[in-house]
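Please look at the sequence and the structure below.

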Amino acid sequence: MRNIINFLATFAVLWIGSTFFEEYIQIQDIKTLIIATIFMFVIDWIFSILVGLSALLIPIGIGCITIIPLILAAFVLTPIKLMLLSKYLDGFMINGFWTYLALTVILSIFNIDSNSSSNQ
(Lines give C-alpha, C1' and ligand atoms only; values in the text may rest on other atoms or scores of the structure.)
Protein backbone atom coordinates (compact mmCIF):
# COMPACT_ATOMS: atom_id res chain seq x y z
CA MET A 1 0.00 0.00 0.00
CA ARG A 2 2.88 2.34 0.85
CA ASN A 3 4.35 1.83 -2.62
CA ILE A 4 1.08 2.73 -4.32
CA ILE A 5 0.76 5.90 -2.24
CA ASN A 6 4.36 6.89 -3.04
CA PHE A 7 3.76 6.24 -6.74
CA LEU A 8 0.61 8.39 -6.73
CA ALA A 9 2.32 11.13 -4.70
CA THR A 10 5.21 11.29 -7.17
CA PHE A 11 2.75 11.37 -10.08
CA ALA A 12 0.75 14.16 -8.41
CA VAL A 13 3.82 16.28 -7.59
CA LEU A 14 5.15 16.05 -11.14
CA TRP A 15 1.73 16.71 -12.65
CA ILE A 16 1.03 19.72 -10.42
CA GLY A 17 4.53 21.05 -11.09
CA SER A 18 4.12 20.79 -14.85
CA THR A 19 0.61 22.24 -14.77
CA PHE A 20 1.13 25.24 -12.50
CA PHE A 21 4.86 25.90 -12.96
CA GLU A 22 5.30 25.12 -16.65
CA GLU A 23 8.14 27.63 -17.04
CA TYR A 24 10.24 25.43 -14.69
CA ILE A 25 8.92 21.90 -15.32
CA GLN A 26 7.82 20.86 -18.79
CA ILE A 27 6.24 17.48 -19.38
CA GLN A 28 5.02 16.92 -22.92
CA ASP A 29 2.11 14.56 -22.30
CA ILE A 30 0.58 12.07 -19.87
CA LYS A 31 2.62 9.20 -21.34
CA THR A 32 5.87 11.02 -20.53
CA LEU A 33 4.56 11.75 -17.03
CA ILE A 34 3.75 8.08 -16.43
CA ILE A 35 7.16 6.95 -17.73
CA ALA A 36 8.91 9.48 -15.47
CA THR A 37 6.90 8.36 -12.46
CA ILE A 38 7.60 4.68 -13.15
CA PHE A 39 11.32 5.39 -13.53
CA MET A 40 11.47 7.24 -10.21
CA PHE A 41 9.43 4.49 -8.50
CA VAL A 42 11.67 1.68 -9.78
CA ILE A 43 14.87 3.45 -8.71
CA ASP A 44 13.39 4.07 -5.23
CA TRP A 45 12.34 0.43 -4.97
CA ILE A 46 15.81 -0.83 -5.92
CA PHE A 47 17.40 1.59 -3.46
CA SER A 48 15.09 0.36 -0.67
CA ILE A 49 16.13 -3.23 -1.39
CA LEU A 50 19.81 -2.26 -1.24
CA VAL A 51 19.38 -0.47 2.10
CA GLY A 52 17.45 -3.45 3.52
CA LEU A 53 20.08 -5.90 2.30
CA SER A 54 22.83 -3.75 3.75
CA ALA A 55 21.05 -3.62 7.11
CA LEU A 56 20.70 -7.41 7.09
CA LEU A 57 24.43 -7.77 6.46
CA ILE A 58 25.44 -5.71 9.52
CA PRO A 59 25.79 -8.77 11.81
CA ILE A 60 28.48 -10.26 9.58
CA GLY A 61 30.36 -6.98 9.18
CA ILE A 62 29.63 -6.18 5.54
CA GLY A 63 26.61 -3.98 6.21
CA CYS A 64 28.63 -1.57 8.31
CA ILE A 65 30.73 -0.76 5.25
CA THR A 66 27.84 -0.32 2.81
CA ILE A 67 25.14 1.37 4.90
CA ILE A 68 26.97 4.71 5.22
CA PRO A 69 27.45 5.22 1.46
CA LEU A 70 23.82 4.20 0.87
CA ILE A 71 22.57 6.74 3.41
CA LEU A 72 24.73 9.44 1.81
CA ALA A 73 23.44 8.42 -1.62
CA ALA A 74 19.87 8.97 -0.42
CA PHE A 75 20.53 12.70 -0.23
CA VAL A 76 21.60 12.93 -3.86
CA LEU A 77 19.47 10.18 -5.42
CA THR A 78 16.36 12.25 -6.19
CA PRO A 79 18.19 15.11 -7.93
CA ILE A 80 20.17 12.56 -9.94
CA LYS A 81 16.95 10.81 -11.00
CA LEU A 82 15.47 14.14 -12.04
CA MET A 83 18.60 15.09 -13.99
CA LEU A 84 18.62 11.72 -15.78
CA LEU A 85 14.97 12.11 -16.67
CA SER A 86 15.55 15.63 -17.93
CA LYS A 87 18.51 14.52 -20.01
CA TYR A 88 17.31 11.21 -21.48
CA LEU A 89 13.51 11.29 -21.51
CA ASP A 90 12.15 13.23 -24.48
CA GLY A 91 9.37 15.57 -23.44
CA PHE A 92 10.54 15.91 -19.81
CA MET A 93 12.51 19.03 -18.96
CA ILE A 94 13.42 20.79 -15.72
CA ASN A 95 14.86 24.30 -15.81
CA GLY A 96 17.25 25.50 -13.12
CA PHE A 97 19.08 24.28 -10.05
CA TRP A 98 16.47 25.67 -7.66
CA THR A 99 13.75 23.69 -9.41
CA TYR A 100 15.71 20.47 -8.83
CA LEU A 101 16.16 21.42 -5.18
CA ALA A 102 12.50 22.33 -4.70
CA LEU A 103 11.28 19.12 -6.35
CA THR A 104 13.65 17.06 -4.20
CA VAL A 105 12.31 18.63 -1.01
CA ILE A 106 8.67 18.34 -2.10
CA LEU A 107 9.04 14.71 -3.17
CA SER A 108 10.76 13.91 0.14
CA ILE A 109 7.91 15.49 2.08
CA PHE A 110 5.15 13.63 0.24
CA ASN A 111 6.75 10.17 0.06
CA ILE A 112 6.14 7.78 2.95
CA ASP A 113 9.27 6.45 4.61
CA SER A 114 9.47 2.65 4.85
CA ASN A 115 10.90 2.71 8.38
CA SER A 116 8.13 4.86 9.83
CA SER A 117 5.38 2.55 8.56
CA SER A 118 7.08 -0.66 9.75
CA ASN A 119 7.45 0.58 13.34
CA GLN A 120 3.72 0.96 13.88
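Thr10 is found in helix α1; helices (H or I, at least four residues) and strands (E, at least two) are DSSP runs, numbered from the N terminus. The model is predicted, so local features need pLDDT of at least 70 and side-chain atom pairs count only at pLDDT 80 or more, while totals for chains, interfaces and linings use all residues. Residues are numbered from 1 along each chain as its sequence is written, and side-chain values use heavy atoms, with hydrogens and water left out.

Is Thr10 buried or exposed? Its relative accessible area is 6%, so Thr10 is buried; buried means under 20% relative accessible area, exposed over 50%, and partly exposed in between (1.4 Å probe, protein chains only). Not counting residues up to four places away in sequence, Thr10 touches Thr37, Met40, Leu107 and Asn111, where contact means heavy atoms within 4.5 Å.

Consider next the helix as a whole. In α1, the buried residues are Asn6, Ala9, Thr10, Val13, Leu14, Gly17 and Ser18. They cover an arc of only 155 degrees around the axis, which puts them on the same side of α1; the arc is that of the directions from the helix axis to the C-beta atoms. An α-helix has 3.6 residues a turn, so residues three or four places apart point the same way.

What covers these buried residues? The cover includes β1 (25-27), α2 (30-56), β2 (92-94) and α4 (97-110). Asn6, Ala9, Thr10 and Val13 in α1 meet Leu103, Ile106, Leu107 and Phe110 in α4. Leu14, leaving aside its neighbours within four places in sequence, is in contact with Ile27, Leu33, Ala36, Thr37, Met40 and Phe92.

Leu14 also belongs to the largest nonpolar core, which has 15 residues, and Leu14, Leu82 and Phe92 touch the most other members. Such a core is a set of buried Ala, Val, Leu, Ile, Met, Phe, Trp, Tyr and Cys residues joined through side-chain atoms within 4.5 Å. The elements that give two or more residues to this core are α1, β1, α2, α3 (63-88), β2 and α4.

Finally, Asn95 lies in the loop between β2 and α4. At 25% relative accessibility, Asn95 counts as partly exposed.
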